[in-house]
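Please look through the sequence and the model shown here. The report that follows takes up its inner spaces, its cores and its disulfide.

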Amino acid sequence: MKCGNLRNAALGLAVCGMVLSSAACGGGFDGRQVRQSSGPAALRILIGSSGDTETTAVRRAADAWAGSSGNTAAVTPAQAIAQQLGQAFAGDSPPDVFYVDASRFADYASVGALEPYGDRISDPADFYGNLRTAFTHDGRFYCAPKDFSTLALIVNDDLWKRAGLSGADVPTTWEQLTSVSERIKAGGIVPLVIGDTHDRIGAFMMQAGGWIISPDGRRAIADSPENIRALRYVQTLLRNKLARFPQDLDAGWSGEAFGKGEAAMTVEGNWIEGALRADFPAVEYSVHELPAGPKGKGTLAFTNCWGIAAKSPYKKAAISFVEAMTTVDQQLAFARAFGAMPSRRSAKDAFTREFPRDTSFVNGAEYARGPVNAPKMESVLADFDAGLQQLARTAPETILKRLQKNTQDALDD
């Protein structure tokens, strides 16, 4: 596949090939057109919307900003944002502002596709530190976190009571999770359903004190004793039928199995609330922080930032737009519209007063870890997930040794 005449060959490789897995490059977000930077800004904004509600909310906020600033802002919901951004960069005509998933951030930042404006936003320290880290590359804070989600322990209240358990039995440690799961299993109920990928099982790695790459992002640390301990623990849960993967329960994901009453607990993000409300409204449930492991609490954060294209002719206006999108009032308005959790610490109290069930999710922000912050890791992590799907019958050391090699090879490339 040939991706057109790019100014930067490295950028072309990143956005046209391995990084964005684009089916076809070229064409661009809005074609190869000359855009003037004089006069009012005409911002083009590409969002990976969760649905009509989010699109409407962002458009309403964009219209308000445009009306007060004298600029224009055209918001387009992407059909497949990774592919569309790949085509836009390949066509040398990226949108001015766009959602950037934390799992892809390093791919963009490492090839100069993003404007590093993060420290030019008002009070950047007000964003949760772990979210800032997720969007930091080579020591520079690139882009403002839009919102975030974390993982928590979701408990089916009816199945909990049926197993003879009370609120005092909600597990806060691995040992308690094992003990309560044994009690649930003894009553003929599946204790826990958990996704079979690193973005669920990785929380246990954190709780054991492990992770995939070193804090400086330069070394693979995947085959550490901490990670081995974490995978052995999850393996024990699986082998003893204290935990099951969704496919074992004829479900597409953990939320479906939980909603159908197939398991008493699951580990999921706050997106499960909307899914249960839509598909399983009769299910009564409670939300709790994940049990702590040998090294303490740990969860994973999932977030997007407001990326600004390095080639945008309207960078000043784009930063003004992001500023408006990340005020406390606007983040709370987004929370009411489509359930997004504010990325600013100063919004926490107001948010949890209005949405008390989300308190455990928000509390996780203080100790959560974002996705692996290194380029060229997408295929490495997909291979890791394939190994995790065989965890019940494969030695953790084997899975992690492969991850170690693949990760170090990607970092050395």
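## The largest cavity

Leu153, Trp174, Leu177, Leu192, Phe204, Gln207, Val267, Leu290 and Pro291 line the largest cavity, a cavity being, on a 1 Å grid over the protein atoms alone, a set of points where a 1.4 Å probe fits but cannot get out, with lining residues having an atom within 4 Å of a point. The elements that give two or more residues to this lining are H7 and H8. By class, the lining has eight nonpolar, one polar and no charged residues, and the space inside is about 60 Å³.

This is a predicted model, in which local features need pLDDT of at least 70 and side-chain atom pairs count only at pLDDT 80 or more, while totals for chains, interfaces and linings use all residues. Residues are numbered from 1 along each chain as its sequence is written, and side-chain values use heavy atoms, with hydrogens and water left out.

## The second largest pocket

The second largest pocket holds about 730 Å³ of space, where a pocket is an open set of points with protein on both sides within 12 Å along at least five of seven lines. Its lining comprises 30 residues, of which Ile213, Pro215, Asp216, Gly217 and Asn373 lie nearest the centre. H17 gives the most to this lining, with four residues, and the lining divides into twelve nonpolar, eleven polar and seven charged residues.

## The nonpolar cores

The largest nonpolar core has 53 residues, and those with the most contacts inside it are Ile184, Ile212 and Met265. Such a core is a set of buried Ala, Val, Leu, Ile, Met, Phe, Trp, Tyr and Cys residues joined through side-chain atoms within 4.5 Å, buried meaning under 20% relative accessible area with a 1.4 Å probe and protein chains only. Its largest share, seven residues, comes from H9.

Leaving aside residues up to four places away in sequence, Ile212 touches several residues, among them Met205, Val372, Leu381, Phe384 and Leu403, contact meaning heavy atoms within 4.5 Å. A second, separate core of 48 residues includes Ala41, Trp65, Tyr117 and Ala144.

## The disulfide

A disulfide, counted when a pair of cysteine sulfur atoms lies within 2.5 Å, joins Cys143 to Cys305 with an S to S distance of 2.1 Å. The torsion about the S-S bond of Cys143 and Cys305 is about -80°, and the disulfide is therefore left-handed. Because Cys143 lies in the loop between strand S5 (140-141) and S6 whereas Cys305 lies in strand S11 (residues 299-308), the pair ties together parts that are 162 residues apart in sequence. Both Cys143 and Cys305 are buried.

Technical notes: Buried < 20%, exposed > 50% of the residue type's maximum accessible area, 1.4 Å probe, protein only. Points joined across faces, edges and corners; volume = space filled by probe spheres on them. Nonpolar A, V, L, I, M, F, W, Y, C, P; charged D, E, K, R; others polar.
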